[in-house]
Amino acid sequence: MVLLDVDLGEARALEFVLECRKRGFKGQVLVVTAGTSGEEAVQLVQAGVAGILHKHHSANELCDTIRKVAAGEVYLEQAYFTSLYRSAGRIKAQNRPLLTDRDKVVLRFIFQGLSNRDIGERLKISESGVKSSLRQLFHKLGVRTRAQLVKIALEQYRDQL
C-alpha cells in the first residue's frame, strides 16, 4: 500500500499513480490532500487510487482510513462525489450506442407490453420486420431477453424515450 500526498513538488500524485500502474503495481493507493479539484479527484479514481482523504482529519481517522484501504475498502471525501457521479454519467452516455428513431419507437411499444404482431400492425411492417428490429436492439444493447432490454433501456436511455 502507498500513502501518497497529492502534491509531489514538480509532479502530482496522478502522474505517480499512472506510472506505478503502468509498471504493474497492483497495491492500494491512498492519496492525502489539503484539497484538490473535482476533476483531478476523478482522474485519480480513474487511475485506480483506492481513496482520497483530506489532511484536516485527525491522526485516528487517517489510521482508520489506512486500515480500511489496506483491507480492500475504498474511501472518498464527500466533496468529490458530485464530480465523480457527473463524470460517470458523461462516460456512460459517451460509451452507449445511439438509438435510431425506429429503436425508440419499438422500445416504447415494448414498454406498453405489445406483442411483435401488435407492434408490426402499428408500424405497418411485418412481424418478421419487428423481430429483425428487436434482434438489432438486442445486439446493440448487449442483451438476450425483452426483460433485459427493458431494464437497460430504462437505465441508460430514459432521457431519450
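The protein chain here has eight helices and six strands. Helices (H or I, at least four residues) and strands (E, at least two) are DSSP runs, numbered from the N terminus. This is a predicted model, in which local features need pLDDT of at least 70 and side-chain atom pairs count only at pLDDT 80 or more, while totals for chains, interfaces and linings use all residues. Residues are numbered from 1 along each chain as its sequence is written, and side-chain values use heavy atoms, with hydrogens and water left out.

I will start with the order of elements. From the N terminus on, they run β-β-β-α-β-α-β-α-β-α-α-α-α-α.

Next, overall dimensions. The C-alpha trace spans about 70 × 30 × 25 Å along its principal axes. The radius of gyration of the protein chain is 23 Å, whereas a compact globule of 161 residues would have one near 15 Å. That radius is taken over C-alpha atoms, and the globule rule is 2.2 Å times the number of residues to the power 0.38. The protein chain exposes about 10,100 Å², with carbon and sulfur atoms supplying 52% of it; the areas come from the Shrake-Rupley method with a 1.4 Å probe. Of the 161 residues, 35% are buried, meaning under 20% relative accessible area.

How many of the residues of S4 are buried? Five of its five are. On one side these are Val29, Val31 and Thr33, and on the other Leu30 and Val32, so to list them is to list both covered faces.

S4 pairs with strand S1, residues 2-5, in the parallel sense over four bridges; two strands pair if DSSP finds at least two bridges between them. In that pairing, aspartate 5 stands opposite valine 32.

To get from S4 to S5 the chain passes through helix H2, residues 38-47, in a right-handed β-α-β crossover. Right-handed means that, with the strands pointing away from the viewer, the path from the first strand over the helix to the second runs clockwise.

S5 has a parallel pairing over two bridges with strand S6, residues 75-76. Tyrosine 75 in S6 is the bridge partner of glycine 51. Which hand does the crossover from S5 to S6 have? It goes through helix H3, residues 59-70, and is left-handed.

Last, the nonpolar cores. A nonpolar core is a set of buried Ala, Val, Leu, Ile, Met, Phe, Trp, Tyr and Cys residues joined through side-chain atoms within 4.5 Å. The largest has 18 residues, and those with the most contacts inside it are Ile119, Leu134, Leu137, Leu141 and Leu149. Helices H5 (101-111), H6 (116-123), H7 (127-141) and H8 (146-156) each give two or more residues to this core. H7 gives the largest share, five residues.

Leucine 134 is in contact with Val106, Ile110, Asn116, Arg146 and Leu149, leaving aside its neighbours within four places in sequence; contact means heavy atoms within 4.5 Å.

Conventions: Buried < 20%, exposed > 50% of the residue type's maximum accessible area, 1.4 Å probe, protein only.
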